[in-house]
Amino acid sequence: MADFHPRSDFLTVLSERGFLNQCSDLAGLDERARSGALAAYIGFDCTARSLHVGSLIQIMMLRWLQKTGGKPVALIGSGTTRVGDPSGKDESRKLLTEEEIAANKAGIGRTFAKFLRFGEAPTDAILSDNAEWLLGLNYIAFLREIGRHFSVNRMLTMDSVKLRLEREHELSFLEFNYMCLQAYDFVELHRRYGVTLQMGGSDQWGNIVMGIDLGRRMGTGQLYGLTSPLLATASGAKMGKTAQGAVWLDAEMFSVYDYWQYWRNAEDRDVGRFLKLFTELPLAEVARLEALRDTEINEAKKILATEATALLHGRAAAEEAAKTARRTFEEGALAETLPSVGITRQELAAGLGVLSAFVKAGLVGSTGDARRQIKGGGLKVNDELVTDERAILGESDLQGEIIKLSLGKKRHVLLKVEG
RNA sequence: GGGGGAGUGUCCCGAGCGGCAAAGGGGGCGGACUGUAAAUCCGCUGGCUAUGCCUUCGUAGGUUCGAGUCCUACCUCCCCCA
């Protein structure tokens with residue numbers, strides 16, 4: 001991969017910025033990308049109301065495709081979601097209702113709209129849904145028309161299957177069929193929109209190759225596959241997990257400020273890689289930033305945070321998050337734009353226990369949790385360490401209309417009097 | 001269908017003579033050190049109207065002063081045989 005020098009804009013960007021992990025035919029795809037608008041798709045599950053940072057690398061690939069003259073297709077897997085992905089955990093098999101699926105689909109669609117330009121023009125993005133063709137499938141017809149092209153012998157050699165068999169782990173028939181459905185998606189998207197490339201995370205490689213094979217047997221012409229590296233932080237943790245849970249891309253579920261903070265807290269060793277993947281800064285600028293050392297690299301982290309946040313939530317919101325962080329961390333001032341929780345004047349006049357105040361702010365999960373944090377010296381009210389768990393907050397604690405609650409050094413929530 | 005084994009703290013893995021809010025990891029959170037980083041060290045990691053009360057060991061019953069632990073049925077998963 002390192003010795004190949006792509007000539008198409010699309011592959012050049014992907015290659016330079018570290019999106020490339022594996023490709024079915026780099027030279028062929030490069031040619032294809034140069035010879036006209038390339039249509040490519042990536043599939044997304046709709047098991048939640050929002051996508052999280054784990055999907056961001058895929059979304060960025062679609063975005064670069066569009067910016068380099070291609071046509072992105074975002075496929076929502078609401079058909080496969082109805083079946084439920086059997087490879088997940090034992091408990092996650094609960095079936096989603098039609099309403100939940102529709103809501104999830106709408107939420108995810110909103111995120112795509114932030115990164116891609118949708119419309120009718122040749123390189124405008126398309127939002128598709130495999131429920132359109134999967135739900136109406138007839139079993140016998142599917143077996144005869146599609147199933148006959150799959151070789152079980154070959155399917156058994158796929159890594160995902162082979163691993164299971166070698167370790168003598170259960171592999172359900174449903175799961176075994178999953179790759180066939182995904183392969184069929186590829187063919188269907190080729191028919192509908194002329195899609196010739198499927199992208200995805202490296203775990204999708206086998207499924208993508210199946211699609212390419214199926215396409216050849218069903219007469220789509222040459223299809224291509226390309227995967228991005230599996231993303232983890234430099235110390236090996238999976239991307240996107242924080243104390244608050246997943247890092248959602250929907251501002252309702254994960255605030256803009258928290259999103260900015262997520263990137264600001266990147267490890268030193270990840271800064272360069274993340275700048276290339278999750279911002280659109282020129283590579284020369286990235287090179288300059290990632291060369292910074294010691295305290296200077298904090299500047300690079302702030303730029304990473306602001307640029308990444310701007311892509312998702314807009315420049316203005318990103319600048320505001322940056323400003324909030326600057327006031328909070330560097331000036332030690334009270335930034336009124338920190339995340340806040342409302343409180344009534346009556347509640348405050350009646351006296352609010354510190355424990356419940358922190359629970360209300362969502363900084364701790366329970367009063368017991370709050371007690372433990374106080375013992376460990378982790379809670380502050382208006383930057384004063386809380387030592388007495390029975391302390392009562394009243395109107396005398398107000399700074400203006402605000403009481404600042406902090407958990408540790410990084411997490412702050414404001415209680416704001418309203419009404 | 002027959003035989004064998006297993007489901008433990010609502011993040012995961014995993015010990016558990018009938019006295020158990022239940023060992024130990026990992027992860028996470030907090031503290032110290034730093035740079036809002038990493039590494040390292042320390043503390044915490046069921047709930048509550050809290051010197052007490054309530055809810056947890058697949059589900060439902062049963063034995064017992066007392067059950068994660070013993071018995072019965074059921075559910076789910078794994079292995080061997082057919």
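Which residue forms a salt bridge with arginine 154, and how far apart are the closest N and O atoms?

1. The partner of arginine 154 is aspartate 213, with the closest N and O atoms 2.7 Å apart; a salt bridge here is a side-chain nitrogen of Lys or Arg within 4 Å of a carboxyl oxygen of Asp or Glu. The pair links distant parts of the chain, since arginine 154 belongs to helix α8 (residues 152–155) and aspartate 213 to helix α11 (residues 205–217), 59 residues apart. Helices (H or I, at least four residues) and strands (E, at least two) are DSSP runs, numbered from the N terminus. Arginine 154 is partly exposed at 31% relative accessible area, whereas aspartate 213, at 12%, counts as buried; buried means under 20%, exposed over 50% and partly exposed in between, with a 1.4 Å probe and protein chains only.

2. As to provenance, this is a predicted model, in which local features need pLDDT of at least 70 and side-chain atom pairs count only at pLDDT 80 or more, while totals for chains, interfaces and linings use all residues. Residues are numbered from 1 along each chain as its sequence is written, chains are lettered from A and ligands numbered from 1 in the order in which they are written, and side-chain values use heavy atoms, with hydrogens and water left out.

3. The structure holds 23 salt bridges. Among them, aspartate 383 pairs with lysine 404, the closest N and O atoms being 3.2 Å apart. Aspartate 383 sits in the loop between β11 (379–381) and β12 (384–385) and lysine 404 in strand β14 (residues 402–407), so the pair ties together parts 21 residues apart in sequence. Aspartate 383 is partly exposed, at 44%, but lysine 404 is buried, at 4%. Elsewhere, Glu132, Glu188, Arg191 and Arg192 are linked in a network of salt bridges.

4. The largest nonpolar core has 72 residues, with Leu226 and Trp263 making the most contacts inside it; such a core is a set of buried Ala, Val, Leu, Ile, Met, Phe, Trp, Tyr and Cys residues joined through side-chain atoms within 4.5 Å. Helix α3 (residues 56–67) gives the most to this core, with eight residues. A second, separate core of 27 residues includes Ile126, Tyr184, Leu189 and Leu223.

5. Proline 229 lies in the loop between β6 (224–228) and β7 (241–242), and is partly exposed, with a relative accessible area of 24%. Leaving aside residues up to four places away in sequence, proline 229 touches Gly18, Phe19, Leu20, Asn21, Ile57 and Ser202, where contact means heavy atoms within 4.5 Å.
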